[in-house]
Amino acid sequence: MRKSIATATLVLMTSGLVLGACSGGAESGASGDAGGKLDIYLNMTTGSPAYTEMKAIVDKFEQETGTDVEFTIDSADVFQKEMTVRMASNNLPDVFSTHGWSVQRYSPFLEPLNDQPWMQYMDSGLDTAMKDADGNVYALPLEYTVTGISVNFDVLSEAGVDPDSLTSWEAFTDALGKIKEAGKTPITCAGKISAPGNLADFIASGAFSEDERESFRTGDFLSEEWQTRVLDLAKEWADGGYFNPDYSSATADDMASQIGQGQAAFAFAQPTLLATALSFNPDANVGFIPLPSGIADPYLVGGEGVNAYGVAKDSPNKEAALKFLDFVAQPENASAMAEAIGSYSGLTNATPDLGTLQSSYDKWVKPGDLVTEPFFDRVFLPNGIWATLITTTDAVITGQSDPATATSDLKDQYTTLGGKAE
């Protein structure tokens with residue numbers, strides 16, 4: 001069994017929108033000059049359960065502390081572009097999402113949080129993902145992302161598929177055919193967003209031996225292995241007609257709706273998708289199953305989630321920013337956020353009720369029998385390759401490229417970026 005837990009992949013999100021708390025609205029990607037207000041900028045989707053809950057927490061924080069807050073959000077792609085600009089100008093929000101990158105990308109800009117009162121409750125399973133070489137922690141983990149393949153179990157049942165039998169990619173692919181014959185979409189994915197990257201990343205996390213993963217990490221891109229174990233699968237599924245017909249125009253909400261409404265069976269996505277699916281259909285029989293591995297036992301993927309928040313080390317409002325993190329970390333608020341996200345909490349004193357999703361966590365996570373692999377790109381590929389991981393996988397799914405050419409394109413970007421994971 002391989003060692004578990006490193007940094008998480010980016011969550012999959014849709015179009016961004018900014019909304020104000022009690023202080024009123026703001027423009028998307030606000031400059032950070034909030035006129036003395038506490039500037040909180042988070043990677044979230046408007047209307048999502050996580051956003052609704054966080055807005056309520058921000059409102060409560062304003063009311064109880066008298067702090068004036070400028071609360072803005074953006075979707076994943078917009079958020080990352082905006083943060084790149086703001087890091088370059090050292091014009092950072094007081095509080096912002098680290099979305100899996102608190103150590104590797106943002107730590108030079110963040111205040112170490114080791115002395116914060118909630119640190120004693122941080123789940124030790126996140127140590128590898130969220131502590132640097134000196135043991136510093138730079139973000140409050142509101143979620144402990146552990147997941148597999150998202151599933152609507154009723155769709156599987158209607159197609160005569162036993163989810164516990166899907167322990168190999170061969171069995172999984174056979175099941176896709178049965179689901180298609182039953183008149184349902186086997187896999188929902190969204191070409192407009194980062195979903196193709198998630199699909200490849202989830203598969204890659206369990207596709208390589210320790211030595212092979214070390215090769216990827218240290219500068220040797222294994223092209224044949226990437227093609228045959230990752231992109232050839234995507235092509236087989238695309239050729240079989242196993243992706244949703246609206247793949248090219250679909251959004252994260254479309255994926256969640258298709259899973260929640262029983263139109264699709266599977267999705268390769270963060271736990272947030274299932275929470276959103278339940279917002280479309282509270283009675284949906286959804287959860288997750290382990291990912292098959294071509295070389296070992298089935299596995300889960302996990303690490304630092306999107307909803308981890310840090311404080312800018314040069315913030316003029318650092319005291320208020322730290323108070324905000326402490327406020328969010330209170331068990332009542334941390335539990336409510338984990339429930340809204342649909343994930344375990346990164347704090348052991350939080351006790352979220354995950355409702356329908358709890359059975360999957362109880363079955364696959366709590367016993368500790370399955371290895372939890374790190375999201376592949378966060379550990380074994382160089383920083384900056386995520387966009388190319390998305391586009392190359394998308395090109396295979398849409399037929400614009402074959403697996404060999406897409407692999408070559410990914411390797412070229414890997415080489416351009418220096419080839420070594422940070």
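Reader: Which elements are among those that cover the buried residues of α7?

Author: Quick heads-up: this is a predicted model, where local features need pLDDT of at least 70, side-chain atom pairs count only at pLDDT 80 or more, and totals for chains, interfaces and linings use all residues. Residues are numbered from 1 along each chain as its sequence is written, and side-chain values use heavy atoms, leaving out hydrogens and water. Helices (H or I, at least four residues) and strands (E, at least two) are DSSP runs, numbered from the N terminus. The cover on α7 includes α8, β12 (372-374), α14 (376-380) and α16 (403-416).

Reader: How wide an arc do the buried residues of α7 cover around the axis?

Author: In α7 (residues 210-218), the buried ones are E212, R213, S215 and F216; buried means under 20% relative accessible area, exposed over 50%, partly exposed in between (1.4 Å probe, protein chains only). They sit on the same side of α7, because the arc, taken from the directions from the helix axis to the C-beta atoms, is only 150°.

Reader: Are α5 and α8 roughly parallel or roughly antiparallel?

Author: The axes, lines fitted to C-alpha atoms over the stretch in contact, with angles from 0 to 180 degrees between N-to-C directions, come within 11 Å and cross at roughly 20°. Angles under 35 degrees count as roughly parallel, over 145 as roughly antiparallel, 65 to 115 as roughly perpendicular and the rest as oblique. So α5 and α8 are roughly parallel.

Reader: Which residues of α8 make the contact with α5?

Author: Contact means heavy atoms within 4.5 Å. On the α5 side you'll find W169, F172, T173 and L176. On the α8 side they are L233, E236 and W237.

Reader: And α1 with α12: roughly parallel or roughly antiparallel?

Author: The axes of α1 and α12 (residues 331-341) come within 7 Å and cross at roughly 160°. That's why α1 and α12 count as roughly antiparallel.

Reader: How many charged residues does the contact of α1 with α12 have?

Author: From α1 come P49, A50, E53, M54, I57 and K60, and from α12 come E332, N333, A336, M337, A340 and I341. Ala, Val, Leu, Ile, Met, Phe, Trp, Tyr, Cys and Pro count as nonpolar, Asp, Glu, Lys and Arg as charged, and the others, Gly among them, as polar. That gives eight nonpolar, one polar and, for charged, three.

Reader: Is Q63 buried or exposed?

Author: Q63 lies in α1 (residues 49-65). With a relative accessible area of 61%, Q63 is exposed.
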